[in-house]
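Dear colleague,

Please find below the sequence and the structure that I am handing over to you. My notes on what was found follow directly after.

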Amino acid sequence: TLSTLLLLADLKPFKTLSLDFTQVITNEQNRTLTYTGKLHMQQPNRILWEYETPVVKKIYIANSQVTIYEPDLLQATIFKNGRELNPIHMFNESTKIDENTRSAKFNQKEILIKHNKDEITNLSFLDEVENSVVIYFKSYQYNPTFNKSFFVFYPDSETDVIRP
């Protein structure tokens with residue numbers, strides 16, 4: 001979980017945060033797949049990754065529960081005790097490499113975190129099948145207002161809910 005407003009180094013503190021992301025995945029044949037979307041966070045432990053292109057997908061993270069909602073498939077998968085992909089949490093648990101680079105571990109993989117004075121600019125790592133993944137962050141909006149249900153997934157009657 002996030003430590004409420006206890007961020008390391010120079011990152012700007014926040015209660016809520018919204019930003020744009022671009023995720024670029026490159027395989028061994030140098031083929032790339034690019035996703036875009038928005039990342040929303042609310043202290044101490046709520047996150048919503050909203051993928052917009054090339055497919056719509058929402059990943060809700062609250063405490064240790066992860067819900068992946070894929071509206072095109074009318075499917076939601078809910079995991080308990082998931083390890084969340086939380087950039088601020090990773091930053092807080094990372095070690096400094098140089099002035100603008102830190103290293104963190106996620107699922108036994110090293111993640112390099114690039115940052116400027118106030119903000120994380122990107123995360124890079126190899127995924128479980130050794131693809132290169134870089135997530136770029138921009139357009140930070142500090143302390144936007146969210147309604148109470150924004151970070152909660154509510155399935156409709158058409159959506160299959162899977163709990164592996």
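**Pockets and cavities**

In the lining of the second largest pocket, β4 (57-62) and β5 (65-70) are each represented by at least two residues. Strands (E, at least two residues) and helices (H or I, at least four residues) are DSSP runs, numbered from the N terminus. Please note that this is a predicted model, in which local features need pLDDT of at least 70 and side-chain atom pairs count only at pLDDT 80 or more, while totals for chains, interfaces and linings use all residues. Residues are numbered from 1 along each chain as its sequence is written, and side-chain values use heavy atoms, with hydrogens and water left out.

The pocket in question has a volume of about 160 Å³. A pocket is an open set of points on a 1 Å grid over the protein atoms alone, with protein on both sides within 12 Å along at least five of seven lines; a cavity is a set of points where a 1.4 Å probe fits but cannot get out, and lining residues have an atom within 4 Å of a point. Grid points are joined across faces, edges and corners, and a volume is the space filled by probe spheres set on the points.

Strand β4 gives the most to the lining of the second largest pocket, namely three residues. The lining comprises nine nonpolar, two polar and two charged residues. Here Ala, Val, Leu, Ile, Met, Phe, Trp, Tyr, Cys and Pro count as nonpolar, Asp, Glu, Lys and Arg as charged, and the others, Gly among them, as polar.

Across the whole structure, the search finds three cavities of 30 Å³ or more. The largest cavity has a volume of about 50 Å³. Eleven residues line the largest cavity, and the closest to its centre are Leu11, Lys12, Ile88, Asp118 and Tyr140. Eight residues of this lining are nonpolar, none is polar and three are charged.

The second largest cavity holds about 40 Å³ of space. Its lining consists of Leu17, Leu19, Leu39, Met41, Pro87, Ile88, Ile120, Phe137 and Tyr140. Two or more of these residues come from each of β1 (16-26), β2 (32-42), α1 (87-92) and β11 (132-142). The lining of the second largest cavity has nine nonpolar residues, with no polar and no charged ones.

**The sheet**

Twelve strands form an open sheet of mixed pairing, in the order β7-β8-β9-β10-β11-β1-β2-β3-β4-β5-β6-β12. Two strands pair if DSSP finds at least two bridges between them. At the edges stand β7 (95-98) and β12 (160-162), each of which pairs on one side only.

Strand β7 is joined to β8 (residues 101-106) by three bridges in the antiparallel sense, and the two form a hairpin with two residues between them. Thr95 stands opposite Ser103 in β8.

**Aromatic residues**

Ten aromatic pairs are counted. Rings of Phe, Tyr and Trp (its six-membered ring) pair if their centres lie within 6.5 Å; planes under 30 degrees apart count as stacked, over 60 as edge-to-face and the rest as tilted. The ring centres of Phe21 and Tyr51 are 5.0 Å apart and the planes lie at 80°, so this pair is edge-to-face. Both Phe21 and Tyr51 are buried, where buried means under 20% relative accessible area, exposed over 50% and partly exposed in between (1.4 Å probe, protein chains only). Phe21, Tyr35, Trp49, Tyr51 and Phe137 form one aromatic cluster.

With kind regards
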